[in-house]
Amino acid sequence: MQHLSEVPVLILACAEGRVEHAGPGAQAPLYGSIFPAVWSLMLAFRARGIGSVLTILHIEHFEREMARVLELPADVTQVALVAAGYFTGTDFKPAKGWGPAAEGERKGRYGAGGSETTGCGMEPRNVDSGGPPDSPR
Ligand SMILES: Cc1cc2nc3c(=O)[nH]c(=O)nc-3n(C[C@H](O)[C@H](O)[C@H](O)COP(=O)(O)O)c2cc1C
């Protein structure tokens with residue numbers, strides 16, 4: 001967030017359709033259709049010596065402004081903003097909050113064994129919604 005304005009290339013991945021008022025059955029395929037492409041793009045960048053980072057924060061604060069600047073139709077969903085550029089150092093290391101895969105492992109059912117962290121240090125929003133209707137309390 002602090003460095004987006006310094007990045008030479010910003011790529012906005014979008015999907016056709018709006019699902020903010022739809023259920024998870026509509027949301028999952030919309031976002032799930034785009035993120036594999038975003039990740040493939042980031043891997044392709046990396047293979048060519050270009051660094052990139054996945055961001056979404058602008059969507060919460062500046063979605064409409066971004067849509068206006070890019071003249072996006074109202075039915076287009078902004079999914080992710082990938083910042084890309086040649087990196088200046090090579091001391092890559094895991095982001096804070098990431099642990100070994102086994103740390104976040106769930107055994108048998110959600111919450112049984114493993115840590116309760118979300119892995120990337122970003123907490124899901126709407127955590128007070130009580131979860132999906134059929135989730136065990
Ligand atoms: C879905 C998703 C959205 C993210 N959005 C942002 C963001 O808006 N701003 C940000 O600084 N990092 C965001 N991150 C974290 C970065 O992608 C990145 O992992 C983090 O900044 C650590 O950078 P590093 O991997 O270069 O150490 C997001 C991660 C994910 C998985």
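I began with strand β3, where I found that the bridge partner of E16 is V76. For my own bookkeeping, helices (H or I, at least four residues) and strands (E, at least two) are DSSP runs, numbered from the N terminus. Residues are numbered from 1 along each chain as its sequence is written. I keep in mind that this is a predicted model, in which local features need pLDDT of at least 70, side-chain atom pairs count only at pLDDT 80 or more, and totals for chains, interfaces and linings use all residues.

Next I looked up the pairing, where two strands pair if DSSP finds at least two bridges between them. I noted that β1 and strand β3 (residues 76-86) are joined in the antiparallel sense over eight bridges, and that L10 stands opposite A83 in β3. On the other pairing, six bridges join β2 to β3, again antiparallel, and I50 stands opposite Y86 in β3.

Putting the strands together, I read an open sheet of three strands in the order β1-β3-β2, with antiparallel pairing. The edge strands are β1 (9-16) and β2, each of which pairs on one side only. From one strand to the next, the twist averages 25°.

Axes are lines fitted to C-alpha atoms, for helices over the stretch in contact, and angles run from 0 to 180 degrees between N-to-C directions. Helix α2 (residues 57-70) lies across β1, β2 and β3, and runs at about 95° to β3. Just after α1, I found that G49 takes a positive phi of about 80°.

Which residues come nearest to the ligand? Of the eight around it, they are L54, T55, I56, L57 and A95, where near means that the C-beta atom, placed from the backbone, lies within 6 Å. Strand β2 (residues 50-55) gives the largest share of this shell, three residues.

Last, I checked the confidence, for which pLDDT is the predictor's confidence in each residue, from 0 to 100. The mean pLDDT of the chain is 82, and 76% of its residues reach 70 or more. Over residues 114-131 the pLDDT is below 50, although I noted that this stretch has 19 contacts in the model beyond near neighbours in sequence.

Terms used: Two residues are in contact if their C-beta atoms, placed from the backbone, lie within 7 Å.
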